[in-house]
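Thank you all for coming; I would like to walk you through one structure this morning. Please have the sequence and the model open, and follow along as I go.

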Amino acid sequence: MSHRDAKTPKSRRGHNRPIVDENAAFPAFQPTTSTSLYSRLRCTLRLSLVLIWTFWACSLQAVLVRLPGRLKIMMPRIYWRGVCRILGIKTKVIGRSAGGVRTAKDVRNGKRPVVFVANHCSWLDIAIIGSELPVVFVAKGEVGKWPLIGTASRLGRTIFVSRNRQDTGRELQEMAAHLWDGDDIVLFPEGTSSDGSRVLPFLSSFFAVAKPGRLEKVGLPKAPPVLIQPVSVVYDSLEGLPVGRSRRNVFSWYGDMDLAPHLWSFGQWRTMGASLMLHEPITPDEFLSRKDLSRATYEAVNTGAADLRRGQPKAAGA
């Protein structure tokens, strides 16, 4: 899937690496990966290794989830770190996590679990966040039906949600149960993935577990007091060079894009980099309404993502 207009500069000898030029105005649908034999072999090897690693990790996790202790919480992090390593992704973390591994007793004694709230542009967000934070993801119900990814998600104790209002109570109850057990969870309140060039507005309904309204409070167990930690995720390095707008589609998976062609194109690049910015935690009790909480969280995530895209990240709280 090579781009017909991509030419080798006269001053440099030909090579098999993908051509990176921030100023090249490739349409969003235009493949940007060279199709050399070496790059195709690299992609095939990577995907094969991911399948093998997933099989062994899921086999081990299937045993750990039935045992007491914290290993079942740490194993998904080990798994996603392995996936990132195989795919050639390096993650830079800015800021400090307010979360951690705790027990149900810790929560009953007053320690607050953390709800991480992040922007969303690709399935890679799960790998990036999961490799750095011991968390439980909240994902749309369709993910649980995907081959391989669905199995790995269930073994990672993912909470699946739907857009059916009749299931809202059950889903909030499941989130509350995880929080009472000491788990930190991750929300993607955009409700869908984007092209990576902006952060879509947050849906305040995603914050119900942190700040329930009158309807959610009726007949449902109350979640423990939590902290909200905004998280900005940006893919900012490709083959060691900064990622411009025309290259964000290498990472982004959104709309009606098919997963298989995206994986095949993405896997042919040699090295990639992402930045994960952890902002100062927010206490939901300080906000009068859920919309105010959602707006404040969005502003932190959006500002952080914009700074990362410009290559000017600021320390959390700055």
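Predicted model: local features only at pLDDT ≥ 70, side-chain atom pairs only at ≥ 80, totals over all residues.

Let me begin with Phe55, which is found in helix H1, residues 37–64, where helices, here and below, are DSSP runs of H or I with at least four residues, strands are DSSP runs of E with at least two, and both are numbered from the N terminus. Phe55 is exposed, with a relative accessible area of 53%; in this talk buried means under 20% relative accessible area, exposed means over 50%, and partly exposed is in between, with a 1.4 Å probe and protein chains only. Together with Leu45, Leu49, Ile52 and Trp56, Phe55 makes a nonpolar surface patch of about 570 Å². A patch is built from residues with over 30% relative accessible area and no salt bridge, where like charges are joined within 9 Å and nonpolar side chains (Val, Leu, Ile, Met, Phe, Trp, Tyr) within 5 Å. The accessible areas themselves come from the Shrake-Rupley method with a 1.4 Å probe, and for residues only the protein chains shown count as cover.

Residues are numbered from 1 along each chain as its sequence is written, and side-chain values use heavy atoms, with hydrogens and water left out.

For the overall picture, the secondary structure of the protein comes to 9 helices and 8 strands, and of its 318 residues, 47% count as buried. If we take the contacts (heavy atoms within 4.5 Å) with a separation of 6 or more, residues 24 or more positions apart account for 76% of them.

Now please turn to the strands. Strand S2, residues 114–118, is mostly covered, since 5 of its 5 residues are buried. In a regular strand the side chains alternate between the two faces of the sheet. In S2, Val114, Phe116 and Ala118 point one way and Val115 and Val117 the other way, and all are buried.

Which strands does S2 pair with, if pairing requires that DSSP finds at least two bridges between two strands? S2 pairs in the parallel sense with strand S6, residues 227–238, over 5 bridges, and 3 bridges join S2 to strand S5, residues 185–187, again in a parallel arrangement. Val115 stands opposite Ile185 in S5 and opposite Ile228 in S6, while Phe116 has Gln229 in S6 as its bridge partner.

S6 is itself mostly covered, with 10 of its 12 residues buried. S6 is joined to S8 by 7 bridges, the two running antiparallel, and the bridge partner of Ser237 in S8 is Gly273. S6 also runs antiparallel to S7, with 2 bridges, and these two strands form a hairpin with 2 residues between them, where Glu239 in the turn has a positive phi of about 55 degrees.

Within S8, residues 272–278, we find Ser275, which counts as buried at 1% relative accessibility. The side chain of Ser275 makes a polar contact with the side chain of Asp236 at 2.5 Å; such a contact is a pair of N or O atoms within 3.5 Å, and within protein one must be able to donate a hydrogen and the other to accept it, with residues adjacent in sequence counting only if both atoms are side-chain atoms.

Helix H4, residues 124–132, has 7 of its 9 residues buried, so it is largely enclosed by the rest of the structure.

Finally, the salt bridges: a side-chain nitrogen of Lys or Arg within 4 Å of a carboxyl oxygen of Asp or Glu qualifies, and by this rule the count comes to 7. One of them joins Arg112 and Asp285, with the closest N and O atoms 3.1 Å apart. Arg112 lies in the loop between helix H3 (104–108) and S2 and Asp285 in the loop between S8 and helix H9 (290–309), so the pair ties together parts that are 173 residues apart in sequence. Arg112 counts as partly exposed at 27% relative accessibility, whereas Asp285 is exposed, at 55%. The side chains of Arg310 and Asp307 also meet in a salt bridge, at 2.4 Å from N to O.

Notes. Pairing = 2+ DSSP bridges.
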